[in-house]
Amino acid sequence: MRRFEFSDGSSNKFWQISREGAELRVTFGKIGTAGQTQLKELGTEAAAIAEHDKLIKEKTKKGYAETGAPNVPEGAETKAVTAPSPPATAKPAKAEKAEKAPKTVTPAKPEKVADVPLPPVATPVAAAPIDLAGVEPYTPEEKLVLAVEDEATEAEPSGIAGVLATMNGYNSDLLTELTKGLKKTVPAMKGATEAVIAALKAKKGLASADRDQAALLFCVAGDSQVANYLVEAFGFPFAVDAYVRCLDFLTENDGGSRYLVPVNPGERWVCRIWAATALGAMRARIPSADWAAGIALLAKARATQTLREQRTECNAIAQDPAWAVEDAATLSGSYQDAQLAIATMKALTDLPTLAAVAKKYGDYVMQAGLLARLGLAAAPIVLEAFAKDPTNAWNIQQFIGVQTLACAKLFAQALANKNAAVHAKTFFDARPDLAIVALAPIAAAGGKLAPFAKQALTTAMHARPDLAPRLAHLMDAKTRAFLFAPPEERLPDASVADLPKDLQKLAAEGAPKKIAPMPDFVRDLPQVRLKGAKTVLPASAIGILLTSVRASKIASSRKQPVFDKNGAISGEEVVILPATLLPGIHAAKEACDERDLAALAWELFEQWQAAGAPNKENWAFLALGMIGSDDTARKLTPLIRAWPGESLHARATVGLDVLAGIGTDVALMNLHGVAQKLKFKGLQERAREKIEAVALARGFTAEELADRLVPDFDLAEDGGDLLDFGPRQFKILFDETLKPALKGPDGKLLSDLPKPGKSDDAEKATAAVERWKALKKDAKAIAAGQVLRLELAMCSERRWSAEVFRTFLLEHPVVIHLVRRLVWCTYDGDKINGTFRVAEDGTLANEKDDTFTLGESAVVGLPHRLALDAATLGAWGQIIADYGILQPFDQLGRATYTRSAAEATKTSLELLKGVEVKTGKILGLEARGWRKSPAEDAGWVWSIWKPLSRGLTVYLPLEGGICMGWSEGTPSSQKIGALSLTRGQHFGAESVTFGELSATAYSELVREIEGLAL
């Protein structure tokens, strides 16, 4: 080996090269280190000599001087990377081992290996410690560290008995099936079939090297056992010849018989891909002359094949790069071509072609062993496939050795996955430099991944505190500000005497000795200030607070059936399991700053998540419901909505309890929003149960509670307010959908708040911007639910007392924006005795636009179109048009349905009976008050129902059914049955006629059902 060194005062490097046959080995790096080794296969010895001399000339021109023997530190371990363009005969990587990959076996005759040069592969190494001394400016080192196993060197020649044992393990009774199918077998193969049957009966190998008999074995069980047996018994060229012959036939299975028929040119899937793969994997142990003879047979067969699948499959054996380019153009992108695509990718060296195939077959890229064969040159291609499923644990294990920044950014996503996180942490532990560069921006940005990124980032910075300053130039300003922000000022601990009496004893005594210590993931919690003071809870008091949280429970609820006197289920009721909060929690909430307590709980929750959300430490999650705030509810609700889609339904269900435990108007508003609209119906139903439980606890109906759940957003009484920038103010407005907007100082309408300028008051502008952001988020959470709530109130003919109407509708700063756009009425019994609207100035006006007075004892409602006479309806239509009022839902122009005399006498209506409608539309009726009936056998629901006024219930049968807990099993469409009406909700309830319904109730019922067919 020849060694060259270069030194110029700031750089001290070495480069050394050696040649063995057609292979070059180059090692380079800093003097005093082991450096990195690169292997290059040039194909011929002459090419290797030329390349050897060329590289030496290039180095000497750059100032490298030749020295003596290589200077490698004692005990140093050489780091190796693969060459970017090795030959097509490179070994498959470990990643090539898929579940269905053929099992290969060790050769029986080692002498066969002697004259076969092995292709270059990456040397198995362990990741060496990172040495960054003297590197300025620093750029994260990218490398490939792979431990590659040679699948082709395993062999276990087993004879026909072994082949039979393997085949019988998954192919039933092969002997019986071949015997039964003998009569149907193509005449050209009957003799071979009879011979194989005889061999199977005798449990012996083939009597001779018969091409047809060997082809039959490939046809009926084309796996690695057959390939190894034929190679060991009769040689590689014979096995390839048998494989080529087997491509002429297709195996048929019929009623326990197995037989061969000629291949029809129209057949698509006739490949013996497993046999071809097994033969190709033997490359390293086949003598070169035998290999060349076998490939010659294969090339001849490929040239005459008419089926493109068979042509492509031939290259699973040869792994010829030129063939692979041809085959890549024929791949259809279909699942049927997946195994052919894998074989093609294993042979390709042309990177653009390889990238095109990988784009079509992203799910199979990992099985092609590209990293071990092509090294970092293939990393962008493989990473693109990895990016589609970055939390797949198997994929991640293959990528731990791809130590690049692009890979590190993908591994960041895996930190949030319970199964994949351990592998991602292994990656970042090995490369703290990549951890810092990849994770710091995620932690700085906040969001769902931030807590997981923070934990791994903290670990990396503790392991290498010197790295962050040297990596700063690779980060943007926001990330640098986050990473190098000065620590927050630590406030002094409050003395025990300054604590409220309820906390003094707890702080003085410390945590009970019987309570287990805090789990390891709890660390660096924020300080908690006392109200109105510049001191914080001492550590002993924090410990008592957390201990109290661990020993406490938040309220929960569940539904249970209600039975009538005959023992039949007559309905369901909500049972409340009350909260049990220890005194330490109540004392802390009374004494401490609410925002600090909420920040403490959220940090605890994020640390619990980042630690894998251990079930036994669930208290760190429940703490949000004990000491959380409105802001906690806002941040938690999006997670609750997303968790079911991440297979975290149980956690989402607990999240509903947490929202109810927070209990503020904003928390209940978000809970109500989940109950009203969510694509995960199971969680939506649980949210409705939770709302029902809260209503029950407070003594309200669900509708009455909904009146009280609408937050006021700290708006003025008229529903407006100003966002103050100092010199400029912006008035808050809402449209008919409760979407917030603004009116600028010049009177122009604005859809968003402008950025503060230099002349604005910075402190006021910052507060205004934060308030606007929160307002948009909160308004979005409630808008659709509030519009629907009032529409359903109209449809169900709900009534309010004048006092409730004034308090929760007329004087509510948010709901007033909807109230002003609707027509209202007062009742005398069931008869309307007056209609009115609310003007912009808050006054009431009737249909003649005269002043309307609302009496203290009045009963108020939202009149349906059917409840208004033609004159009143026409008058209101004119007023609404004159004032340019946009209604939040169709009130005056609503489509209506009139009941016929015959329909009034019926107990069932065949409105859409037998019509097939989308299941999604049926489930959409739940937002309008419909419910699924109790699940029957295997969790199937066969009808939906809706409670109506005066104790009536309407039922709609479903022919396809809805499977609870298995959405994939639920039909995408349903044939619906006839509507039926009963008094009560239990089995055997009294049937009643549709004449019992009011005109409004009937019209809205028909409108909902007819809407299913639109």
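Let me start with one word: a residue is buried when its relative accessible area is under 20%. Keep that cut-off in mind. The model on the screen is a predicted one.

Today's topic is aromatic rings. A search of the whole structure turns up 21 aromatic pairs. Here is one of them. Phenylalanine 621 and tryptophan 643 have ring centres 5.7 Å apart, and their planes meet at 85°, so this pair is edge-to-face. Where do phenylalanine 621 and tryptophan 643 sit in the chain? Phenylalanine 621 is in helix α27, residues 619–627. Tryptophan 643 is in the loop between α28 (630–642) and α29 (649–662). The two are 22 residues apart, so the pair links distant parts of the chain.

Buried or exposed, then? Phenylalanine 621 has 1% relative accessibility, so it counts as buried. Tryptophan 643 also counts as buried, because its relative accessibility is 1%.

Now a second pair. The rings of phenylalanine 805 and phenylalanine 836 have centres 6.0 Å apart; their planes are at 85°, so this one is edge-to-face. Again, distant parts of the chain are linked. Phenylalanine 805 belongs to helix α34, residues 802–810, and phenylalanine 836 to strand β19, residues 831–838.

Ring pairs join Trp643 to a cluster with Trp602, Phe605, Trp608 and Phe621. Tryptophan 643 also has arginine 651 over its face, 5.5 Å from the ring centre.

Last, another arginine. Arginine 283 lies over the face of tryptophan 291, at 4.9 Å from the ring centre.

Definitions and conventions:
Residues numbered from 1 in each chain as written. Predicted model: local features only at pLDDT ≥ 70, side-chain atom pairs only at ≥ 80, totals over all residues. Heavy atoms only, no water. Phe/Tyr/Trp six-rings, centres within 6.5 Å; stacked < 30°, edge-to-face > 60°. Helix = DSSP H or I, 4+ residues; strand = E, 2+ residues; numbered from the N terminus. Buried < 20%, exposed > 50% of the residue type's maximum accessible area, 1.4 Å probe, protein only. Lys NZ or Arg CZ within 6 Å of the ring centre and 35° of its normal.
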